[in-house]
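Dear colleague,

Please open it below, and then read my notes on its aromatic side chains.

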Amino acid sequence: MLALMVMVGPFGTTSLFGQPSPTRTERPELTPQPGILSRVNFEQKPGSQVPLDLVFVNELGDSVRLGDLIGDRPVILNLVYFDCPLLCNQVLDGLVRSLNVLNDYTVGQAFDVISVSINPNDSPESAMAKESAVMRAYHFSGDEARKGWHFLTTKDEATIGKLADSVGFSYSYNPQSKLYAHAAGLVFLTPEGKVSRYVYGISYPARNLRLALTDASNGTIGGVAEQALLLCYVYDPESGTYSFAIMNVVRFLGIFTVLSLGSFMIVMFVRDRRRASVSPAAMIPTSNAHLDR
């Protein structure tokens, strides 16, 4: 499955869905190289703490501490690079497309998004260009969304490496093509900055995002409907998806059946007791009245 998510090859100016990529910002020449993918991995590290003391530069050119961007809400973390001509655009396109469906979970209100460049040559200018492209595509863009979606860069490769390693993200640079080979997916962090869930690939069903955010929020977002869905869907760590939990449904139906039978038996028992409590003497007047006539 990872091989499907790691793509090094020309896709032109359109997405995998045949639509122009709204978040694309540049198109360099491509030269796929064999052997690069062997150094690419996306290992799951649930519960891992991301280093909150790492310092990046945001799209405005300001130095920001990672921990200052995390704390109030769950976070969707994605590791990309802003001048990437291929997979990164697909990741951001897929994320924006799914977020556009979640009109009750919006960026900056229910959760935050942190997009970190793995390319030390990316600059605040390229981050700002990507931010503008993303906000044009995001249906709920505004001051709240712009404050909640961060585009970070740094010239320090060690800083990028520490963050990537904390979430199990391994990538490789091809000096001939000057491109990075990397996997595609999203990491969901708790408000404390710990890894909660992964969703792999370039297409993210809105239901999976909703459930992953609810899981990562420690119950701070999501209502009864989301909690009920979490009973019906279970997270599969290998595929990074939520699948229908048939056993949970069977258990629920079993409990419902037992409670229904129990309630029926109690009602019948109470009815029999009431009938038995009617004394024979209470029926005599009726019988005597019949004889008097």
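Predicted model: local features only at pLDDT ≥ 70, side-chain atom pairs only at ≥ 80, totals over all residues.

A search of the whole structure finds 12 aromatic pairs. One of them is formed by F42 and Y200, whose rings are tilted, with 5.3 Å from centre to centre and 55 degrees between the planes. This pair links distant parts of the chain, since F42 lies in strand 1 (residues 41-42) and Y200 in strand 11 (residues 195-200), 158 residues apart. F42 counts as buried because its relative accessibility is 6%, and Y200 likewise counts as buried, at 8% relative accessibility.

Y200 also forms an aromatic pair with Y198, again a tilted one, in which the centres are 6.1 Å apart and the planes are at 40 degrees. Y198 is buried as well, with a relative accessible area of 0%, where buried means under 20%.

Which residues form one aromatic cluster? The members are F42, Y81, F169, Y171, Y173, Y180, Y198 and Y200, so that both pairs described above fall within this list.

Finally, there is a contact between a charge and a ring: the charged end of R210 sits over the ring of Y105, at 5.0 Å from the centre of that ring.

Definitions and conventions: Residues numbered from 1 in each chain as written. Heavy atoms only, no water. Phe/Tyr/Trp six-rings, centres within 6.5 Å; stacked < 30°, edge-to-face > 60°. Helix = DSSP H or I, 4+ residues; strand = E, 2+ residues; numbered from the N terminus. Buried < 20%, exposed > 50% of the residue type's maximum accessible area, 1.4 Å probe, protein only. Lys NZ or Arg CZ within 6 Å of the ring centre and 35° of its normal.
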